[in-house]
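Student: I am new to this structure and would be grateful for a guided reading. Please take me through it one question at a time.

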Amino acid sequence: MLAVKRLEKTFGLIRAVRDVSFQVAQGEVLGFLGPNGAGKTTTMRMITGFLPPTAGTAIIMGHDIIHEPISAKKLIGYLPENAPVYADMTVWNYLGFIAEIRGFIGRVRVERVQQTIETCRLDTVKHQAIGTLSKGYKQRVCFAQTLLHDPPVLIMDEPTDGLDPNQKHIVRTMIRNMAARKAIVISTHILEEVEAICTRVIIIRDGSIVANASPTELKAKSRAHGAVELTVKSAPGDLVAKLERLTSAARVEVYPPQAAPKATGVQMPRVVVYPRPSAAGAAIAAGPAQLATDILALVKANPGWDLAAMKTLEGRLDDVFRELTESKN
Ligand SMILES: Nc1ncnc2c1ncn2[C@@H]1O[C@H](COP(=O)(O)OP(=O)(O)O)[C@@H](O)[C@H]1O
Ligand SMILES: [Mg+2]
């Protein structure tokens, strides 16, 4: 539904976006991730026709944003950064105004506004001036503007930025509920958001794409993927040495006890055993499964080890994010 083709943007000496290409199909929620200044907003502004690209283009359901801007823009809902809405207008009047611009008239226009107000749960504030609303409601008004014409392609720039956890939950639920019918791109730097709603992730750094994969695939690239974590009530002297001797283990690290919940009163150290990469060089292959099997056998053979828990780690998205986006200097 959306094809981004070799987009480039140069501001003077800054190459803000460099050769960015990707596609989004119906049902996909693509997370557009990257540190501040990576080029997310600039890319989104080019896709939605707010900023002319230096090179490249975006095709929305067959319509080129540069050559057919009007038919392309009819298919897009765009939620810009920082919810720019008219503070003096009431919610109802503002959405009515947007509906008019979008070409709805008469009864259809009123129905459209009413329906969008329901979808975005704005009924209780519809006659209030937007400037008097809390940040969460203001963001939802902007969200309503994005959805008013029921566009098949949604581009949202940090839709949950600055919202409290409850408001974030509401916005994420709304995004998830309409995902099946649409192609959605959201930019964010909140990694838990990616895990909660995105089916695929693009990580962008200094204007270039450095990863394009599902959250699960990305996590598998993490150093901790497939590592086995043991929580031990008491650490017998031979435990670490025996774990280190396993051929499937690359390295063993002991983490001191964290403050335990008061009720238990016990603080337990954790021992993390990292898998040895398989011959092919990929830690994901045979390594981790073998490691867990080996550790289980070792635990059975050493009944003196007082284990409280054992689990295989799936890896952390923020480790991968940091590895891919941190500057090397
Ligand atoms: N209108 C502009 N003029 C000059 N530089 C800009 C402009 N807009 C963005 N930039 C620069 O382009 C880079 C990417 O910015 P942006 O797309 O806003 O990143 P992000 O949304 O990922 O934080 C930054 O270095 C920013 O300073
Ligand atoms: Mg931005």
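**Guided reading**

Student: With its C-beta neighbours inside 10 Å, what does F50 count as?
Tutor: F50 has 14 C-beta neighbours inside 10 Å. A residue is buried if 20 or more other C-beta atoms lie within 10 Å of its own, exposed if 12 or fewer, and partly exposed in between, with C-beta atoms placed from the backbone. F50 therefore counts as partly exposed.

Student: What kind of model is this?
Tutor: Residues are numbered from 1 along each chain as its sequence is written, while chains are lettered from A and ligands numbered from 1 in the order in which they are written. Local features need pLDDT of at least 70, side-chain atom pairs count only at pLDDT 80 or more, and totals for chains, interfaces and linings use all residues; this is a predicted model.

Student: Which elements does the loop holding F50 lie between?
Tutor: Helices (H or I, at least four residues) and strands (E, at least two) are DSSP runs, numbered from the N terminus. After α1 comes G49, which has a positive phi near 85°. The loop that holds F50 runs between α1 (40-47) and β4 (55-60).

Student: How many residues of α1 are buried?
Tutor: The buried residues of α1 include K40, T41, R45 and I47. The helix is mostly covered, and its buried residues number eight of eight.

Student: Which element supplies the largest share of the shell around ligand 1?
Tutor: The shell, counted by C-beta atoms placed from the backbone and lying within 6 Å, has among its residues F11, I14, G37, K40, T41 and T42. Both β2 (14-24) and α1 supply at least two of its residues. The largest share, three residues, comes from α1.

Student: How many residues of the shell around ligand 1 are charged?
Tutor: Ala, Val, Leu, Ile, Met, Phe, Trp, Tyr, Cys and Pro count as nonpolar, Asp, Glu, Lys and Arg as charged, and the others, Gly among them, as polar. On this basis the shell holds four nonpolar and six polar residues. The number of charged residues is one.

Student: What is the bridge partner of L7 in β2?
Tutor: Two strands pair if DSSP finds at least two bridges between them. Seven bridges join β1 and β2 in the antiparallel sense; in their hairpin, with two residues between the strands, G12 takes a positive phi near 55°. The partner of L7 in β2 is V20.

Student: Which residues does R18 touch, not counting those up to four places away in sequence?
Tutor: R18 lies in strand β2 and counts as partly exposed because it has 18 C-beta neighbours inside 10 Å. Contact requires C-beta atoms, placed from the backbone, within 7 Å. By that rule R18 touches E8, G207 and S208.

Student: Which strands are the edges of the open sheet of four strands?
Tutor: This sheet has the order β12-β13-β11-β14, with antiparallel pairing. Each edge strand pairs on one side only; the two are β12 (249-255) and β14 (306-312).

Student: What distance separates the centres of domain 1 and domain 2?
Tutor: The bounds, which come from an automatic or database domain assignment, are 2-219 for domain 1 and 228-313 for domain 2. Taken over C-alpha atoms, the centres are separated by 44 Å.

How values were computed: Contact = placed C-beta atoms within 7 Å.
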